[in-house]
Amino acid sequence: MLGVFPNVALLYSLVLVCVGFLVLPGVEPLGINYGQVGNDLPSPEKVLGLLRSLNVTKSRIYDTNPQVLTAFANSNVELIVTVENKMLPMLSDPQQALLWVNIHVRPYFPATRITGIDVGNEILTDADTTLQAYLVPAMVSIHEALVQFRLDSYIHVSSPNSLAVLTESYPPSAGSFKAEVSMVIYQMLQFLASTNSPFWINAYPYFAYKDDPSRISLDYVLFNPNTGMVDPYTRLHYDNMMYAQVDAAVFAIARMGFSGIEVKVSETGWPSKGDKDEVGATLEYAAVYNKNLMKRQRENEGTPLRPNQRLEAYVFALFNEDMKPGPTSERNYGLFQPDGTMAYNVGITTTLSNSSSSSATVSLTSSAAKKEGEQVKGYQFLVYWMFVYLLMMLS
């Protein structure tokens, strides 16, 4: 375990400094989750207009709603669709997966820019543990269906995971998966590596703060200026919790023997309202969190472990959804109310209109300075693999 690492901390740090990872791309747009569990939500056509007004060109939905898929046709919005959890047992059958893709994906592509299929959501921490056995078979079957329709080079297949799949996440270098899900995780990682697909995580620093506000710095979880923390083994400095959570997942993946898989954030956000015991669920903190997150996204930042690889993140969520069960916070993650007015100000001004050509006075993605990345050298990959080997030997 990591207790033996102090003796190699210096070597560890030097390796991480030498590793170049991937070249940072140009300015990328912010992603946003478009949930639909609410009364009086605007039509998909109006939602498309709102996204356009914000210059948001990446979105994720939690089903394959044909109204949304039709409305988003011939737009510039890239869309990730989702297979509902209950569908996994059926779609582990290759023939059923072929039929599903033929009905729910093929008729809309390429007019609708479907770029990914999420197979379930947080399956490995779902109350119904029987679904775990169907997760990877369903992913494989859906990918094989995409191959048959020659869509696999355009649409990736993955599955979002709760951070609860990690048994350790602090410090980030201690990241490791829970033993009870390790077999399924290993199979998933094999699939993701073979298809060059990302590992998605739902990262919510809010939950950590809510559970222990006396010990966790509010500025640290809100991306505000703070002293941060230094990982004692890598000597990497973290000035916010979300980046630390992402790097913990990267280390956990490396411990399973995989190093080239990109980790992306499928959900992150902050509730603007909560119950009495939901500390920190306020309009002020929600506005600060999302505004600071958007700034980081505009600046194309990577995490301390992968500084030259832009971290892709999807904000949760576009609207407050009043039909969601659970605590009050669950119904108050939206940037907007269903009528299109802002739930709070994150530096944008826009209104929902009947036209799809409405405009925002401040774009979420404009005026972002492009960061230049170093070219990746062959020896850097060799050094990284040396580090991974060392990590596996000492774990």
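## Cavities

The largest cavity in this predicted model has a volume of about 70 Å³. On a 1 Å grid over the protein atoms alone, a cavity is a set of points where a 1.4 Å probe fits but cannot get out. Grid points are joined across faces, edges and corners, and a volume is the space filled by probe spheres set on the points. By this rule there are 2 cavities of 30 Å³ or more.

The lining of the largest cavity consists of V246, D247, V250, E262, V263, T303, R306, Q309, R310 and L311; a lining residue has an atom within 4 Å of a point. Sorted by class, this lining has 4 nonpolar, 2 polar and 4 charged residues. Here Ala, Val, Leu, Ile, Met, Phe, Trp, Tyr, Cys and Pro count as nonpolar, Asp, Glu, Lys and Arg as charged, and the others, Gly among them, as polar. Helix α10 gives the largest share of the lining, 3 residues.

## The largest pocket

A pocket is an open set of points with protein on both sides within 12 Å along at least five of seven lines. The largest pocket has a volume of about 710 Å³. Its lining has 26 residues, and N121, E122, Y204, E267 and E330 lie nearest the centre.

By class, the lining of the largest pocket has 11 nonpolar, 7 polar and 8 charged residues. Helix α8 (residues 205-211) gives the most to this lining, with 3 residues.

## The sheet

Helices (H or I, at least four residues) and strands (E, at least two) are DSSP runs, numbered from the N terminus. An open sheet is formed by 9 strands in the order β5-β4-β3-β2-β1-β13-β12-β9-β6, with parallel pairing. Its edge strands, β5 (156-158) and β6 (161-162), each pair on one side only. Two strands pair if DSSP finds at least two bridges between them.

S59 has L79 in β3 as its bridge partner. Helix α10 (residues 241-255) packs on the sheet and touches β9 (199-202) and β12 (263-268). The direction of α10 makes about 135° with that of β12; axes are lines fitted to C-alpha atoms, for helices over the stretch in contact, and angles run from 0 to 180 degrees between N-to-C directions.

## Backbone exceptions

Most residues other than glycine have a negative phi, and most peptide bonds are trans. D40 is not a glycine, yet has a positive phi of about 60°; D40 sits in the loop between β1 (31-33) and α2 (44-53).

Y170 and P171 are joined by a cis peptide bond, with omega about -10°. P171 belongs to the loop between β7 (166-168) and β8 (176-177). Another cis peptide bond joins F316 and A317, with omega about 10°.

## Confidence and numbering

The mean pLDDT (the predictor's confidence in each residue, from 0 to 100) is 86, and 81% of the residues reach 70 or more. Over residues 1-27 pLDDT stays under 50, and the model has 68 contacts (heavy atoms within 4.5 Å) beyond four places in sequence for them. Residues 353-385 also stay under 50, with 67 such contacts. Where pLDDT is low, the predicted coordinates should not be read in detail.

Residues are numbered from 1 along each chain as its sequence is written, and side-chain values use heavy atoms, with hydrogens and water left out. As the model is predicted, local features need pLDDT of at least 70 and side-chain atom pairs count only at pLDDT 80 or more, while totals for chains, interfaces and linings use all residues.
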